[in-house]
Amino acid sequence: MIDTLTIKTTKAGHSRLAETDYTDLPFGKVFTDHMFVADYEDGEWKNFEILPYGPIPMSPAISALHYGQAIFEGLKAYKQADGGVSVFRADKNFARFNKSATRMAMANIPEEVFMQGIAALIDIDKAWVPAEENYSLYLRPVMFATDPVLGVRPSSTYKFVILANPSAPYYSKPLKVKIETHYTRSAEGGVGAAKTAGNYSRAMLPTVEAQAEGFDQLIWTDAKEHKYLEESGAANLMFVINGKIVTPEVRETILDGVTRDTIILLAKSMGTEVEERRVSIQEVLDNIENGSLTEAFAVGTAATVTQISELTYEGKTYQLTDPATRTVSTGIAKKLNDIRYGITADEFGWNWSI
Ligand SMILES: *Cc1c(COP(=O)(O)O)cnc(C)c1O
């Protein structure tokens with residue numbers, strides 16, 4: 001165990017902060033002045049560095065490019081009501097990162113590398129954490145295989161990088177979604193529970209096709225029967241049926257979202273019952289038709305809670321309730337935001353103050 005990392009720091013000669021327009025921040029396009037980088041070689045993590053954000057030279061033969069040994073995480077740092085900066089539930093993202101690494105036969109990363117990398121990056125780029133309401137600093141840890149070898153086998157070297165991008169509030173309008181019954185995102189025995197690069201590239205064509213048909217997003221169904229709802233895009237799915245939150249249970253085809261877990265814990269603490277189980281398309285459609293389904297929403301780090309206004313299944317569109325009437329999800333979303341920004345007491349100990 002390396003308790004305190006020795007991190008070599010090379011400061012950017014010029015900060016780009018002053019010339020960054022915080023009123024125009026497309027997601028994931030603007031990065032802070034620095035990045036954290038570490039290497040895995042000879043069975044150990046080394047070369048811990050904070051460097052100016054920029055290109056990393058590497059061989060075009062690296063196996064991440066050819067065979068997709070690449071994983072990532074997404075978490076956020078928030079400017080607190082008291083002026084400090086806190087990262088939300090980083091321990092969960094750390095645990096999931098190693099779970100993804102193990103599934104992709106990649107090296108695991110020690111907790112102190114993940115955590116101290118984040119802390120060092122935020123520390124040097126603290127001035128970039130937006131103070132504007134509902135803004136945050138999105139953190140993107142990524143690890144990829146760097147053996148410059150075309151043989152198909154797990155790489156023996158990896159690079160771990162953390163990028164930070166200031167992000168604007170996600171004012172998304174309610175989504176029109178299509179229940180996908182042809183393409184699949186993941187199957188039993190596959191890698192759906194890992195945050196690995198290939199899960200996102202394989203989703204692009206189905207998503208683009210759904211968008212061409214006029215939908216904002218699609219909902220994945222189980223690969224075997226296309227009978228059960230799994231996730232929506234890169235967010236978990238929740239419904240309110242007869243006043244209870246009903247959400248697909250986490251299984252090996254579904255990503256175990258931190259926001260999903262957070263909302264379940266908050267809902268229970270606020271007195272709302274939660275059922276985690278398989279959710280069939282038929283059940284959802286029946287409950288829309290008989291009026292028992294009052295809310296449908298997608299949950300993830302980027303948008304927190306995104307309302308779903310319309311569901312389409314095999315060409316038939318079902319209108320859902322007016323999102324303005326959805327008190328369960330909006331109440332929980334507000335509580336979650338108040339915790340993240342240090343406005344209300346952090347009873348669960350989710351904020352890590354940097
Ligand atoms: C990242 C992600 C989510 C949401 O996870 P959070 O930890 O809440 O951000 C859900 N589904 C998929 C496929 C994802 O990649």
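Tutor: The expected span of a helix is 1.5 Å times one less than its number of residues. Helices (H or I, at least four residues) and strands (E, at least two) are DSSP runs, numbered from the N terminus. This is a predicted model in which local features need pLDDT of at least 70 and side-chain atom pairs count only at pLDDT 80 or more, while totals for chains, interfaces and linings use all residues. Residues are numbered from 1 along each chain as its sequence is written, and side-chain values use heavy atoms, with hydrogens and water left out.

Let us begin with helix α3, which covers residues 111-124. Its 14 residues reach 20 Å from the first C-alpha to the last, close to the expected 20 Å. The helix is mostly covered, as 10 of its 14 residues are buried; buried means under 20% relative accessible area, exposed over 50%, and partly exposed in between (1.4 Å probe, protein chains only). The buried residues of α3 are E112, V113, F114, M115, G117, I118, A119, A120, L121 and I122.

With a relative accessible area of 0%, A38 is buried. Beyond its neighbours within four places in sequence, A38 is in contact (heavy atoms within 4.5 Å) with W45, K46, N47, F48, V113, Y158, K159 and F160. From A38 to G54 there are 16 residues in sequence and 15 Å in space, C-alpha to C-alpha.

Helix α2 (residues 90-103) also has 14 residues, which should span 20 Å, and its end C-alpha atoms are 20 Å apart, which agrees. Buried in α2 are A90, N93, F94, R96, F97, N98, S100 and A101. Just after this helix, A105 takes a positive phi of about 55°.

K195 lies in the loop between β9 (175-179) and α4 (197-212) and counts as buried because its relative accessibility is 11%. An unreviewed UniProt entry lists K195 under "modified residue: N6-(pyridoxal phosphate)lysine"; such annotations may be inferred rather than shown by experiment.

N242, which is not a glycine, has a positive phi of about 50°. It lies in the loop between β12 (235-241) and β13 (244-248) and counts as exposed at 59% relative accessibility. E314, also other than glycine, has a positive phi near 45°. This residue is placed in the loop between β16 (304-313) and β17 (316-319) and is exposed, with a relative accessible area of 61%.

Finally, helix α5 (residues 258-269) and helix α7 (residues 327-340) pack at an angle of about 110°, with their axes 10 Å apart. Axes are lines fitted to C-alpha atoms, for helices over the stretch in contact, and angles run from 0 to 180 degrees between N-to-C directions. Therefore α5 and α7 are roughly perpendicular to each other, a term for angles of 65 to 115 degrees. T259, T262, I263, L266 and A267 in α5 meet I332, K335, L336 and I339 in α7. The residues of this contact divide into six nonpolar, two polar and one charged.

Conventions
Parallel < 35°, antiparallel > 145°, perpendicular 65-115°, else oblique. Nonpolar A, V, L, I, M, F, W, Y, C, P; charged D, E, K, R; others polar.
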